[in-house]
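Work through the exercises below with the structure open. Try each task before reading its solution.

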Amino acid sequence: IEASFTKIDIKDYYLSGEVRRTVPTIYVNTGECNGIEEMWYENGNKMSETPIRKGSTDGIYKQWHEDGKLHLTANFKSGVPDGEAIAYYPTGEVMRKVRFTNGKETEGECFNLTGEAEKCAGAALKTASFGSGISDLMQYLQRNLKYPALARRKGLQGIVYIGFLIDIDGSVKDPHIVRSVDDDLDTAALDVVRQMPKWESNIVLGQPNRLTFLLPVRFLLQWR
């Protein structure tokens, strides 16, 4: 991670040293981020490409299976799907085609492995969520985050950024520090993420899908 008071550049690694994720420059004051966010499997194959414009997904999102075969493509506009999205079986055949207009599904069809049309099962798109949404996530952090006594006595505060994977069953996997503040604050932030209950799974073209998440955990001293 390269950071200053005005911007953050993120390049994240597996314990093996292989690159896990790169994120375009984030400007702290505005939150603006433009470019391509890329993720890789630990075997070196690319996992996904997310085009970002003004902090939102904008353009053609792509995701691959771990063996390198294309999993899905979807066109986004200002953070919502808009246009055609296609999901593929691991063997390469088309699984599902959906057309979105401003985030709403307008057309859709599904296929079996032999290419025959079949009834689509489940919603085409559903973003992973913690309980009923961001308010539940904030309440969880407020109730469970423990401010380390030593850090409090030292007057330490700041924002620890934790990256993690929301697996296909909604469980939190591989929480890790993306931006550090202090060892004690980092540990407390990791602990509260590790203890999280399962999220509602991320659904992409009807299939449970892994999702990476970057969570800012704030430690703020209240001065009297």
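**Exercise 1: A histidine in a loop**

His65 lies in the loop that connects β7 (59-64) and β8 (70-77). The model is predicted.

Task: Decide whether His65 is buried or exposed, and list which residues His65 touches beyond four places away in sequence.

Solution. 
- Step 1. The relative accessible area of His65 is 15%.
- Step 2. Buried means under 20% relative accessible area, so His65 is buried.
- Step 3. Leaving out residues up to four places away in sequence, the contacts of His65 are Tyr41, Lys46, Leu70, His71, Tyr88, Tyr89 and Pro90.

**Exercise 2: Salt bridges of Lys46**

Task: Lys46 is one of the residues that His65 touches. Find which side chains form salt bridges with Lys46, and classify Lys46 by its accessibility.

Solution. 
- Step 1. Lys46 forms a salt bridge with Glu38, with an N to O distance of 2.7 Å.
- Step 2. Lys46 also forms a salt bridge with Glu49, and here the N to O distance is 2.8 Å.
- Step 3. Lys46 has a relative accessibility of 22%, so Lys46 is partly exposed.
- Step 4. Glu49 has a relative accessible area of 23%, so Glu49 is partly exposed too.

**Exercise 3: Salt bridges elsewhere**

Task: State how many salt bridges a search of the whole structure finds. Then describe where the partners Glu37 and Arg21 sit.

Solution. 
- Step 1. The search of the whole structure gives eight salt bridges.
- Step 2. One of them joins Glu37 to Arg21, whose closest N and O atoms are 2.8 Å apart.
- Step 3. Glu37 belongs to strand β4 (residues 35-40) and Arg21 to strand β3 (residues 19-27); the two residues are 16 residues apart, and the pair links distant parts of the chain.
- Step 4. Glu37 and Arg21 are both buried.
- Step 5. Salt bridges also link Asp12, Arg20 and Asp174 in a network.

**Exercise 4: An open sheet**

Task: Give the strand order of the open sheet of three strands, and explain why one side of β13 and of β17 is left without a neighbour in the sheet.

Solution. 
- Step 1. The order is β13-β16-β17, and the pairing is antiparallel.
- Step 2. Strand β16 (residues 202-204) and β17 run antiparallel and are joined by three bridges.
- Step 3. Across from Asn202 stands Asn209 in β17.

Note on methods: Residues are numbered from 1 along each chain as its sequence is written. This is a predicted model: local features need pLDDT of at least 70, side-chain atom pairs count only at pLDDT 80 or more; totals for chains, interfaces and linings use all residues. Side-chain values use heavy atoms; hydrogens and water are left out. Helices (H or I, at least four residues) and strands (E, at least two) are DSSP runs, numbered from the N terminus. Buried means under 20% relative accessible area, exposed over 50%, partly exposed in between (1.4 Å probe, protein chains only). Contact means heavy atoms within 4.5 Å. A salt bridge is a side-chain nitrogen of Lys or Arg within 4 Å of a carboxyl oxygen of Asp or Glu. Two strands pair if DSSP finds at least two bridges between them.
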